Amino acid sequence: MSDEATEDLRVLRMPVELDYTYSAGRSASRFLRAIQEGKLLGQRCPVDGKVYFPTRGACPQHGMPIDGEPVELPDTGTLVTYSIVRVPSANIPLELPYVAVQVLLDGADTVMMHVLGECDLETVHMGMRVRAKWKPKEEWSTSVANILYFVPLDEPDAAYDSYKEHI
Amino acid sequence: MRDVAVVGFSQSVSLRRERNRNEVEILIPVLQELREATGYTNEDLEFVCSGSSDYLAGQAFAFVAGLDAVGAWPPVCESHVEMDGAWALYEAWVKIQMGYADVALVYGFGKPSMGDLPITMALQLDPYTVMPLWPDAISVAALQARLCLDGGVMTDRQMAEAAVRDRAHAKSNPHAQVAGDFDVEGILSEPYLVSPLRKHDCSPISDGASAVLLASSNRAGDFSKRPAWIRGIEHICEPQDLGVRDLTRSRSTEIAAEKAGVGAGRIDVAELSAPFSHQEILVERGLGLGADTTVNPSGGALAGNPLMAVGLARIGEAAARITNGEAERAVAHATSGPCLQQNLVCVLEG
């Protein structure tokens, strides 16, 4: 009964591979083309005027289509919350420890996730004013990675009330 | 039982390939059109249910992005089925029956052009003995068509006639993808795509979305002057294994039709979601339709097949014909799985 042909089949290897041609969509494409030029685009909800960053096709709160012109945002903002990461993760090629941050760009009503650089870990705190540190212009592509990280600004902290809704 | 009606319907144009818009961007104008047609606002909704497929989108939890088009405020109970939106409608109908909601939004959306659809569909087959062979969806349907032809269940002329009828009807449907005047002889002289199926026996690959607003009798009048009342709705599933069921008839359609009460009266209009001409004939027979029924006035799935939205669109099309007074009693059909594995039948009345 040790004949290979009569042994029970215990494992079936069945690789599945499907290819997709993915389209980011009109709204995300507009955002990505703009960031290739160093511009940060958000969009304003037609109902309550809140600015969503990045651009998207509809306001996720009201479901209303956003057809208006995008809003160009500055690359400065407020660090609303953060986490000092000391545990490696397979898909994040950053040197440990690093500071994962949520930044509320000036004029935006939604936060963006990024990392903080050029900063002593002991001094990171909520309300810090920050600015984007960009890659050299010749390396810009249609990617949020055009921003290397955010760096602290030599400015007084933002008032807690100005960002408490976004933590 | 509570009286529940379709009080609004909207759909996108079926396109072979939406080049620039992503799934949610296809859906956004469809929901906006439904808002404008019915006057509903998010404050009216008590339940939201959608149908879509991560396999078509190529990413996990792809349906979550669709909620951008709905709006998250005020928060309501929300659900999703990894199926055609017709099954999302069934879930919403149950919710209303149970008294949990009076008004529900249902939508379905899909962008199959992102992948290789006939191959992607292989993943719904038996995962141990069939799927590893990677049979494409057209070949699987062709096996069924071959059984039907060799068994004398139908002729290829009848199949061609179904395609000619649907594409001619689709000329008056601005959302259709394949429409026009074709003739049976011309179709029969064309080469096979996958024997015995010719190109005209197959539905197109379509990107698109559809949406329906459901309401109980408490609220239906707020949204529609002539609601299309759901008098029966049922769905039945057959075994996944193609070898253990009779592929030359659709037993699940027959059972669902009986339970939904299709035969209780004259059917003016039938909207069928069968993606192949021979399957359309099987469904027509399974429903027990007679010569006095207009089949697929919109063109059905052979004129446009936006997966995950096409079945819901059939319910919407049937309801629209009741709402505009063309029909008094209609039946809509949706299907899922290979070779008509699972079928949903919905009877609507004015």
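User: What's the strand order in the open sheet of chain B, and what kind of pairing does it have?
Analyst: The order is β3-β2-β4-β7-β1-β8-β12-β11-β9-β10, ten strands with mixed pairing. Strands here are DSSP runs of E with at least two residues, helices are runs of H or I with at least four, and both are numbered from the N terminus. Two strands pair if DSSP finds at least two bridges between them. Bear in mind that this is a predicted model, where local features need pLDDT of at least 70 and side-chain atom pairs count only at pLDDT 80 or more, while totals for chains, interfaces and linings use all residues. Residues are numbered from 1 along each chain as its sequence is written, and chains are lettered from A and ligands numbered from 1 in the order in which they are written.

User: Which strands stand at the edges?
Analyst: β3 (77–81) and β10 (294–295) of chain B. Each has a single partner strand, so one side of each has no neighbour in the sheet.

User: And β7(B), how many of its residues are buried?
Analyst: Nine of its nine. Buried means 20 or more other C-beta atoms within 10 Å of the residue's own; exposed means 12 or fewer, partly exposed is in between, and the C-beta atoms are placed from the backbone. Both faces are covered, with B:G208, B:S210, B:V212, B:L214 and B:S216 on one side and B:A209, B:A211, B:L213 and B:A215 on the other.

User: Switching to helices: what does α1(B) lie across?
Analyst: It lies across β1 (4–11), β4 and β7 (208–216) of chain B, at about 35° to β7(B). Axes are lines fitted to C-alpha atoms, for helices over the stretch in contact, and angles run from 0 to 180 degrees between N-to-C directions. α1(B) covers residues 23–38, and B:G39 comes after it with a positive phi near 75°.

User: Which helices cross at roughly 90°?
Analyst: α7 (residues 156–169) and α11 (residues 277–287) of chain B, whose axes come within 8 Å. That makes α7(B) roughly perpendicular to α11(B) (65 to 115 degrees; under 35 is roughly parallel, over 145 roughly antiparallel, the rest oblique). B:Q158, B:M159, B:A162 and B:A163 meet B:S277, B:H278, B:E280 and B:I281 there, where contact means C-beta atoms, placed from the backbone, within 7 Å.

User: What about α10(B), what do its buried residues pack against?
Analyst: β8, α11 and β12 of chain B. Those buried residues are B:S252, B:T253, B:E254, B:A256, B:A257 and B:A260.

User: OK, the interface. How many residues does each chain bring?
Analyst: Chain B brings 25 and chain A brings 21. On the chain B side, α1(B) gives the most, with six residues.

User: Last one: is A:G42 buried or exposed?
Analyst: A:G42 is buried, with 23 other C-beta atoms within 10 Å. It sits in β1 (residues 40–44) of chain A. A:T55 is 13 residues away from A:G42 in sequence, yet their C-alpha atoms are 4.6 Å apart.

Definitions and conventions:
Two residues are in contact if their C-beta atoms, placed from the backbone, lie within 7 Å. The expected span of a helix is 1.5 Å times one less than its number of residues.
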